[in-house]
Amino acid sequence: MTPLIRIRNISKGFPGVQALDDVSFDVKAGKIHVLMGENGAGKSTLMKILAGAYQPDTGSLEIDGQPAQMSSPIRARELGVGMIYQELTVLDNLDVGRNIMLGQEPVQEPFGRMDWNKLYQQAGDILTSLDLQIDPRAPLPSLSIGEQQMVEIARVTLHDPRIMIMDEPTSSLGKHEEEVLFDLVRRLRDRGVGIIYISHRMEEVFMLADTITVLRDGHHIATQPAADLDRAELVRLMVGRDVDEARQQDTKTDRGDVVLAVENLSDEVQLQNISFMLHRGEILGLAGLVGSGRTRLARHLFGSGEPFTGSVQLDGRSLKLTHPNDAIQSGIAYVPEDRKGLGLVLMMDVGNNLSLASLDKNAVAGVLNRAGMMSMVKSWVKRLSIRIASVKQTVEKLSGGNQQKVVLAKWLTREPRVLILNEPTRGVDVGAKAEVHALIREIAEQGVSVLMISSELPELLAMSDRILVMHEGKISGELSSTEATEEKVVALAFGEGEPV
Amino acid sequence: MSDRALQQPTGGLLRYVNRNTISEFGVLIAIILLIIGFSFASPFFFTVSNFANIGRQTTLLAITSFAMTFVILSGEIDISIGAIASLSGVVIALLLREQFPMLLAILAGLTVGGLAGLLNGVITVKGKIPSFIVTLGTLSVIQGTALAMTNASTIVFSNDLYRDLFARASLFGIPAPVIFAVVLFFVLNWLLTSTRFGSNIYAVGGGADTARLAGIPVDRVKILVFTLSGVLTAMASLVLTARVGNGQPLGAQGLELDAIAAVVLGGTSFLGGRGALWRTVLGALLIGVLNNGLTLVSIAYYPQLLVKGGIIILAVYIDSLTRGQKS
Amino acid sequence: MTTLQKRAEQAQQHPVLRWLLNPESGVLIGIVALVVFFSLQSEFFFDVDNFLNIARQMTMLMIVSFGMTFVILSGEIDLSVGTVLALIGIFVASTLRRDLPIPVALAVGIGSGALIGFISGFITVKGNVPSFIVTLGIFSVARGAAIWLTNSRAIAIFNDNYFAIFADAEPLGIPVSLWYMVAIYLILIFILRYTRFGTSVYAVGGNRNAAELSGIYTDRVKIGVFVLMGVMVGVAAILQTARLGTGFVEPPRNLELDAIAAVVLGGTAFTGGRGSLSKTVLGVVLIAVLNNGLTLLNVQSYYQLIIKGGIIVLALLLDQWLNRGD
């Protein structure tokens, strides 16, 4: 039997990364095909290629044995691919029916008159066929997030997709809504739709999956019936690296004094009762899947998130964190995950970027000591061997590694007590990566406490003295460097209480 | 299900209700209160002839506000509206003065308005430049063109048919321009609520990226909206030139401010995607009644400007509060 | 569009072309070309007195454009400068009419400017409202207030000291307003280059999130920028009332347009974060030379409107084409 969709030798590279490398597998009609893998395994890239948002460098797609060119999202839709993004894309100024029928409104000629009755009737029919009890005339803001998600799915089913791609559709749903969604997904499957489902939850994977494909580092690792796999095996497939290659030789086990103590930190959106301690000179790794709440936690600790409850103490002193400056003045520094969007002012030069967080230290009554700043900047450029022609050069054109060093230097100028790093080596080439790693170790040895978020497990294992793992807004486990293995971290990250 | 929707504690619907009460009933109540107040304050206010007056005075604002409503709903702004009205008014006046047929003059005026709008739309959309700064530049160009065409003088024409048709005539005591505006309202309201074009405007204003992914031709919709806005503005200039019997190159200066005030006051969100044409009617009426009443009770004309500016700021502020802070 | 971009990129490779396409050199060339053109066309143009005249005429625009540069650098815009300037002029004139001492008048002028700027900034930032719409409202409020307060009558000033200090004196043979202009330029250059505030303005305009995450209170910076704009308008109003001898209700025509044109023309990005005061100086000089020359050639003011509007739009398109067409 011809598979519904055949993915053949797809490769796709981005500057600095090979996101997909010769990936091939088939998806069958009437099956739920779960796509799994760690952060950066290539799931999103593959999905976007299927949905026409990216074009593969090499390789091809076939639908029902016919070559299919997904040249644009609209073309992909015409070829029968429906896509549910993780973020809602419904328009909250329109009602349910109009959202479902967006861009496909029934009209009568002349003048392209809207046929409202038909529109709401068609929308209602789609909702009914999906067994959803939502009034097509209800304004969107009156629906819960889960119901809005259903509307989004209804909109995609309007085009009668043969293949439906769902990217972590349950990530913002409550328990009950989740079950409604699962029912819906199964109903779609039973109608013969092929479903590619991306999930970060082990539990739901085994509830839903007929087939599971595992990707790792852009490679296709395995495609097997779900019944043939157990959790331990799945984790091994996802990890499966030669461990220990970059393992840190001498991991400190004797910890210094507690510097940062976080207790019962919760917020209204995601985080629940986060408690942990960070010691002097320690590198504490924070693992977890994207969306597990790591960045949210980091932002709270830096005073740049929404309000939260619970206490954050630095050296036994309670901190009031309402603005990044509060955190900075207390000695906390934060290297955000999005270097270009959050870390740098791209159109400013190296000198100004590097000194941006320490303007107060270089100013008397608001007047800057430019000469002092310049020598400070130059000394840091030298110390971190940032390769630039001049400090007057804009940071925009620097390589990722040099940009990241500028961001790091910006915070080191403040001589922080606590350094929070969020994906410190993302988009950084191998050589610069080793330099950044060495730098982080050096900083820690000087007594700075480092909280390091990374989606790259080998990096986290190699660097950390201790690893916390987050899953859906909670800390799901803590591992010392001696007991931490990729399997254990991945299991905890996917919400497996018992490490394998 | 709709019952459940009503019970959603998320505050979604509650916010919706608040918005409605503030902007729908609020404006209506304000108009009624003003009418009652002015009726007591001036014996000349509550009369048929004065209401006809208010209607006549408000049509110009109402029609330009219709134009602005379309632009704002699509998520853009056009501050060259006053200049466009002046320019097409001048073109019409010049042609009428030279005894060209009325129909040709009208057609020319509307074409000029449409072209100016098209220019705004194309530069905004294709140049990917914010519309407020684009239309600030074109405002200057259009205004200068109107002045250059007339050598900065007023163009007086005499064409009784034209002036009757768009200003002086009345049917059952209803002034012709009011009838014109009402007809226009129904046509435009139909366009906005009953055609795919109107539906697309809401989608584009609500989220251009989503609309684009859904296959809606976002760029074309925006350019069309700007063009329509130009044509409507030219229609407003028909009423203006007919009323005064001439075309003044600076005759409609500042009209954009009144139009924005009427639209936002009516409760159409300046962020796009939310609002309706009837809201704009209420907003324009409120300003019209206020202007008329203040003049009748002999409060100087000029605090009105002050009030108008304050109203814009307040309305916009309330709009942003009721929508909640965006992250 | 893509072929255009490619061509732009190729042009960037060539050093001479790159220099020519650099907005700053473009403006400089434009100024020189205009000077040559007007000198050939009019016997009165190339003349020391006329140059002093140009300088005197551009003082107000220059000072307002300095303020506008800060506002645009921070990623905002202020459309209210014209009517606010007129309103402040009336405040200043009324203060002097009451025989209050000059320093009081100055305090009133600068203080009211700062206050109005604060209001614009506060509503923009705290209300999360686009600044163009807020300042459009302020534009109307200021105009209404000015007419209301004066009944549209100009308020004449009878204070010779005031005229001497702010308009008529000519230290070293150079009009005093030029001295003020230069002093303000130096002060603002200092603020922009050598203070935390100045650096923060660039950072906020360039990337508000990154600035916030570097510990900068971005809201305060934006409000501060509007206050500075207000102060500049206040200073311009003081010089203007001294030059005219009255507080006028009529705002200087198209002041906001000229100021925005000067800033954008100089090469400061209207999206914020990139630009400088010296660029604005070039932009203002170009517009001033243009105004003066066109007037000498008896070109009607309305052609100037067309030309200036066209220049704004072209400068925007050029900026977009060169700097953001990645």
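1. How many helices and strands does chain C have? In this predicted model, where local features need pLDDT of at least 70, side-chain atom pairs count only at pLDDT 80 or more and totals for chains, interfaces and linings use all residues, chain C has 15 helices and 2 strands, both being DSSP runs numbered from the N terminus (helices H or I, at least four residues; strands E, at least two). Residues are numbered from 1 along each chain as its sequence is written, while chains are lettered from A and ligands numbered from 1 in the order in which they are written.

2. The radius of gyration of chain C is 20 Å, which agrees with the value near 20 Å for a compact globule of 326 residues, the radius being taken over C-alpha atoms and the rule being 2.2 Å times the number of residues to the power 0.38. Along the principal axes, the C-alpha atoms of chain C fill a box of roughly 65 × 55 × 35 Å.

3. Between chain C and chain B, the contact (C-beta atoms, placed from the backbone, within 7 Å) takes 35 residues from chain C and 38 residues from chain B. On the chain C side, α7 (131-150), α13 (255-266) and α15 (301-323) each supply at least two residues, and the largest share, 14 residues, comes from α7(C).

4. Chain A has 23 residues in contact with 25 residues of chain B. The elements of chain A that give two or more residues to the side touching chain B are α2 (73-78) and β8 (113-114).

Key: Contact = placed C-beta atoms within 7 Å.
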